[in-house]
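I opened this notebook to keep track of what I looked up, entry by entry.

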Amino acid sequence: MLIALSIALIHCSKAPENLSLEGEWTIRLDSSDIGIEDQWYNRNFTQTIRLPGSLQEQGFGNDIDSSTNWTGSIQGDFYNDPKYEEYRQEDDYKVPFWLNPEKYYKGAAWYQKQVDIPGDWEDRRIILFLERPHWETTVFVDDEKAGVKNSLSTPHEYDLTDHLTPGEHRLTIRVDNRLVINVGQNSHSVTDHTQSNWNGIAGDIKLKTKPLVYIENIRIYPDIREDEATVEVDLRNESGQPYEGKMALRARTKQAEWDRVLEEVGEEIRVEDQETVKVNYPMGDDPELWSEFTPNLYSMQVSLEQNEGEVMDSDSVIFGMREFKVKDTRFAINFRPIFLRGTLECAIFPKTGYPATDTASWGRIFRRIKSYGLNHMRFHSWCPPEAAFTAADKEGVYLQVECGSWANQGAKIGAGLPIDEWLYKESERIVEEYGNHPSFCMMAYGNEPAGENQQEYLTEFVEYWKNKDSLRVYTSASGWPLIDANQFQVAPQPRIQGWGQELNSVINREPPHTTFNHEDFVSKYNVPVIGHEIGQWCVYPNFEEMKKYTGVLKPKNFEIFRDMLKDNNMLDKAEKFHMASGKLQALCYKADIEAALRTPGFAGFQLLDLHDFPGQGTALVGVADPFWDSKDYISPEEYKRFSGETVPLALMPKRVYRNSETFEATLELAHFGQSALINITMDWKIEDANGNVLKEEKIPGNSIPYDNCTKIGDIKFDLDDLEEPQKLTLTATFSRFGSNSWDFWVYPDKLDMPDSDDVIVATELTPEVRQGLSQGRKVLLILHDKIINGKGGEVQVGFSPIFWNTMWTGNQAPHTMGILCEPEHPLFNEFPTEYYSNWQWWDIVTGSQVMNMEDFPEQIDPLIHSIPDYHKNRKLAFAFEGNVGEGKLLVTSIDFTKELEENLSSRQLYYSMLNYMMSEQFAPENAISLENIEKLTN
């Protein structure tokens, strides 16, 4: 009997293994959810669609309108605010929350195709493979139900052996994209905030066949200490007869430059029903290890062979020889400490509305993040397709995967709801499907959970996986809870702007310096701590980006913001607002990342985000756009200087000096590179704005460990020769391994304010001020602390730009995005500045007010713009000028009433402003009504 079985299996192994189902299908939408009851699987559909793909991108669904049943929390007052009234019209409906689909559909949709099963597939297993459906699938063959699957993360595979005989069959797949399990409507696996809640099937769609004795799964556990890999192979026998034969294993390298085949290892086997065979496979002396620096890969081929040497079934998997472990408060790759420099990926795919399933797309993404100096990616509340893991393996990127859930805002865990059991099943599916990929290093249930029993539930969840799997490390969730079971913590505290901190954050509360870090928090834990979603600094929209949205999602949110800007007569400022706010955004990211790199024992950070997040009210927080294209205000090379594997750091107690002082700084290095640095020299120099080197030195002979906070040396530079106000730049270069720079400012210690009867300085429009203007006098009107609500008084100003965005955060401060000015304007003759906020503007804007100029004539352009919130696009100014009759007036809301001797930048700008007003260059071009000015304060 065994001989007969062998002959049958050998014969069947010659059958084609796959039958592609890509191409034309028929479709029927089931918005009333009656298809199962009415047995639609027994009917033929007439409308056609192409799969893989979504129904929305092919024109199916409804136009969006006020009745659209979105998937995602909606913040803000869009439905009542008069400013959005024109966008609530049914003929041109637009929402500012996220990118808008042209068509929307949520519910069941039925997809159908006739399939012809080859004759030589008889007596073989037949599997339906759906790589990335969204979401729940129910499969029917002819008039029989074959099963239901609801994974958000892994392929849906159906064993249709008992349903598909040779010949034609009707295959019907019902896809339901409603929340069949309440994972949380803001989960990036399902939400309209990012990828969109699409309906369809992406990726590979096929029927595949296997012999009745087959390899079900291969798991590989590399052991770099013993130079071997433990291979576990699950074998199944559905023939009804015992099977005896040989299982052969052979590994080979998968590098592009060379391909080496290792020795074959054979194992005699007998399988009656199902068996798991474990083999210790020798990888040779000093196998090639996998890491971010050396992404070396192997493939392991496993074959089932008959005694005659015929291959009955074979399969192969990619793996890497690596060990990713916790070592004290850091992670280690292959025994070497690393620092995770990560960003999020929130399922942002504007052209398709669903994740890419090809390795080329993911390879580009990972090469992009590495070009910015990063080595890590967290998948926020979702798990990507196979292609992402394959590309990360090749590019050398450490991945944190999550089980498709953000159980908050209407969802919770640990309450005995269906999600509790589903998360265990989903995590099992994820590890089973993707667990061999060396890039898959970390896993969490998901993001920021709710539920009063979440700690108990997640403690059990983490302990379950710690005991089950040693190839990666586990934590409860990103954000919280920070429980004892966690192998690492992902905490929101180690960052320089937190939710709800508003103007009380480090960056907005403390004068600029580069000595703060997060040691007080990190030192509380004896496991690695990762900074959760650091950054979140907004940039003003780039309206030129809108032409890139050629797919299913359209930037109608951008259209709303652009319309508002145009209505307020500032459309010509759009590009300048974008660039100036972008420069400030990049400056803040630099401060955030350097604070992380200065923190002893810190394990890393996860940015929110390197690229823009298009949802949750439109959070433009990236230095790259949603297509991973760089923005013009900072290049990847510039960014990498402060985010790469080797970063010089300067600890500066302040950034603004008197020329009677001595500039002092301590140089450190954070080094987590490929090689140890032995006897390496650091060079530093201080330059002025014209590139003239004022001082330079070499610090020789340093040997650098894999660590941060490694002191290199101290800097002292006397400033007494610098008589003019100016910006200086300190640059530290550590051989060819890294270079970084920091700006600081020097002002004259003694500054005699101009004293002229020609300029009246006032804080109110008194009768004397009015009389002076009528007599042709010059007036500096300082309205700080006088601006009323509705005219700018309600706008809270900080140094940093907006955090995340005001619609989602409930209008958290700050409400502006930095300054915009013309540095060549004579107002700034005595005040060195760029066109954007740099650190010297901190004490100027801190505590100051802005003025809303919506009632002023269009031609009155601020001398110093306060870049507005793009959700409001008010015309905001720190200073403007105009003529009042024969008089000349400069109005400012900057706080020049504070102690100027302690606020050197404010003092210098005030000095420059007065000098400008006393000069002949003070010649406003446009008339201003005192009535408009009075409205600012009354």
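Entry one. I looked up Ala332 and found that Ala332 stands opposite Pro337, a residue of strand 22. I kept in mind throughout that this is a predicted model.

Entry two. I then asked how many bridges join strand 21 and strand 22. Strand 21, which covers residues 330–333, pairs with strand 22 over three bridges, and the sense of that pairing is antiparallel.

I turned next to two helices, helix 4 (residues 418–434) and helix 5 (residues 454–468), whose axes come within 12 Å and cross at roughly 25 degrees. Angles under 35 degrees count as roughly parallel, and helix 4 and helix 5 are therefore roughly parallel to each other. I also recorded that the crossing of helix 4 and helix 5 is right-handed.

Which residues meet where helix 4 and helix 5 are in contact? On the side of helix 4 I listed Ile419, Asp420, Leu423, Tyr424, Ser427, Glu428 and Val431, and these meet Tyr457, Glu460, Phe461, Tyr464, Trp465 and Lys468 in helix 5. Sorted by kind, the residues of this contact between helix 4 and helix 5 are eight nonpolar, one polar and four charged.

Notes. Residues are numbered from 1 along each chain as its sequence is written. This is a predicted model: local features need pLDDT of at least 70, side-chain atom pairs count only at pLDDT 80 or more; totals for chains, interfaces and linings use all residues. Side-chain values use heavy atoms; hydrogens and water are left out. Axes are lines fitted to C-alpha atoms, for helices over the stretch in contact, and angles run from 0 to 180 degrees between N-to-C directions. Helices (H or I, at least four residues) and strands (E, at least two) are DSSP runs, numbered from the N terminus. Angles under 35 degrees count as roughly parallel, over 145 as roughly antiparallel, 65 to 115 as roughly perpendicular and the rest as oblique. A crossing is left-handed if the near helix is turned anticlockwise from the far one by less than a right angle, and right-handed if clockwise. Contact means heavy atoms within 4.5 Å. Ala, Val, Leu, Ile, Met, Phe, Trp, Tyr, Cys and Pro count as nonpolar, Asp, Glu, Lys and Arg as charged, and the others, Gly among them, as polar. Two strands pair if DSSP finds at least two bridges between them.
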